[in-house]
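Thank you all for coming.

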Amino acid sequence: GEEEEEEEEEEEDGGGNVLRALSQFYSLQNDQTMSSHVDRGDGWSHLFLVTDQDQNTVMDIINDAVSIQCRDRYPGLVGFGFFPLEPQLSIEQWRKVGTTICRCKKMKEISFQGLNEYISVDVLRALFYTNGSPNISPLSCLRLGGNDFGLEGVRLLVPFLKTRSEMDDLDLSDSNLDDEGARLIADVLDAVLVKELFLARNNITVAGMSSILNSRYSTTLLHLDMNGNNFSGRPEIDIIARFLGRDGIALESIVIGGGDELESEGFQVEWVEILLRSLRNNSSLRQLSIFSNIHDYVLGSISTQLINEIINLTGNTSSFDALCNSNHTFASLNVTVDEESFEPTLHLRRLLKINNIRDISSNQRLRCKLQSFYFQEIFSVEPFLSMKVSMMPNVLELVTQPSDAQGKEVGICSKCVATLNGNLSDTYQFIRHWNVPLLFSFPPQLTECQKLEGEMKQMQFESNLKIKQLEDALRDAEQKMQLLELENKRLMSEIEGVNMNNGCYPHKQSKTVSK
């Protein structure tokens, strides 16, 4: 009966009792676990969660604080997210927050996300500027997504961002940015190394994306999220494909999608194939994600042609060289499909599983693929016909000496590799010691010895010639020395004669001296 009365009270109050009870519970919990967030008399410190490098709350903010974020009103209530700051802080209070952050010796991360109108341009100025000059701090992570401060807010942030040489994380998603805002971010990327950049759900078009991807340090990005912008389709795909095909980029994951025009027409399988083909010479990208903001899926179906495109990218077994030159990094195409029964082929799953192995080199992933896919049938020496003999041990070592750890990752036990692949150990020894010129492309021993003898004779001839040239030069120098000595004696005789003449005719001495 008591339960029924409580249910009736909840229904009458619209669930207010439940929220009040949760509020009381989390207030008690916060008093115990977040004791550092008491009001210090400044009217704002209790509204923020400040932690050290071990994610523990701190009492000494200036010396120990590493990150600061707005504290959730109900931190354990799933689905509610951030609640507005209550009471709303004044500009002067925000200025004090910025001054405190600037004084922190270890502050690396600021996360003021989803506060909407509470983070205005004036608030940004109070947070990051003092007397018109950007604040200097060791900040490397700035998350301001979901604040909708627009172009003026980004224009204000640019000088502050340029005061640092690199940043780990810059999140300006849901900030109401257009192409001019993207150009300002590109201006930052011309001066600052940014590892992860989040620009999702803005109003950026193909022009803005082009500015971002053509900036100076765009090649140092590790993650780029451009999902939910105003993209039209093929033009953006071509720009992204050209960027992914560039040499020296470090990008490991990219997220694209969104745009009313793009999603109304539907994402084309052909576009995915264009992106995959751009990865043939790419050695950094691990994940490509394509999302839809309107539909439950991006592609209506996965065609056999698309599956073959991924297989040819990650493990083309048509030849030894094709497999060696495949992509050994790309591991995930994250795209929703309107086919619940879709299952990738076993061959494709094994290829992506090998590429997804962490902490091993691309050379080791290639070894796994050679063991798993190429040497399954009759062993062929065709790939080695034009190979230098010095390369043979290194190449065959790829397929004959796997480690247990690598074998287990792809479901192959190293003890079974020889059996699976036609006893490669014996084949390795056979080919390595088979002295056939056609196979190894080196001359017989007699020819090689004659060649070496000829080279030695040529070297001896050149040495003798050099010695003779040096001897001739030395002889010429000795002759010149003798001539100089004779000339010196002649001059000395003339001087003695002049002195004698001066002694016999003293009246001529003054004339001689004056001359």
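This is a predicted model: local features need pLDDT of at least 70, side-chain atom pairs count only at pLDDT 80 or more; totals for chains, interfaces and linings use all residues.

Strand β11 (residues 287–291) and strand β12 (residues 332–335) run parallel and are joined by four bridges, where strands count as paired if DSSP finds at least two bridges between them, and where S289 stands opposite N334 in β12. Strands here are DSSP runs of E with at least two residues, helices are runs of H or I with at least four, and both are numbered from the N terminus. β11 also pairs with strand β10 (residues 253–257), in the parallel sense and over five bridges, with I256 having I290 in β11 as its bridge partner.

Residues are numbered from 1 along each chain as its sequence is written, and side-chain values use heavy atoms, leaving out hydrogens and water.

Turning to another set of strands, β7 (residues 166–171) pairs with β8 (residues 193–198) in the parallel sense over five bridges, and the bridge partner of D171 is F198 in β8. Strand β8 in turn pairs with β9 (residues 223–225), again in the parallel sense, over three bridges, and L197 stands opposite L224 in β9.

Finally, the helices: I307, I310, I311, T314 and G315 in α12 meet H347, L348, L351, L352 and N355 in α14, contact meaning heavy atoms within 4.5 Å.
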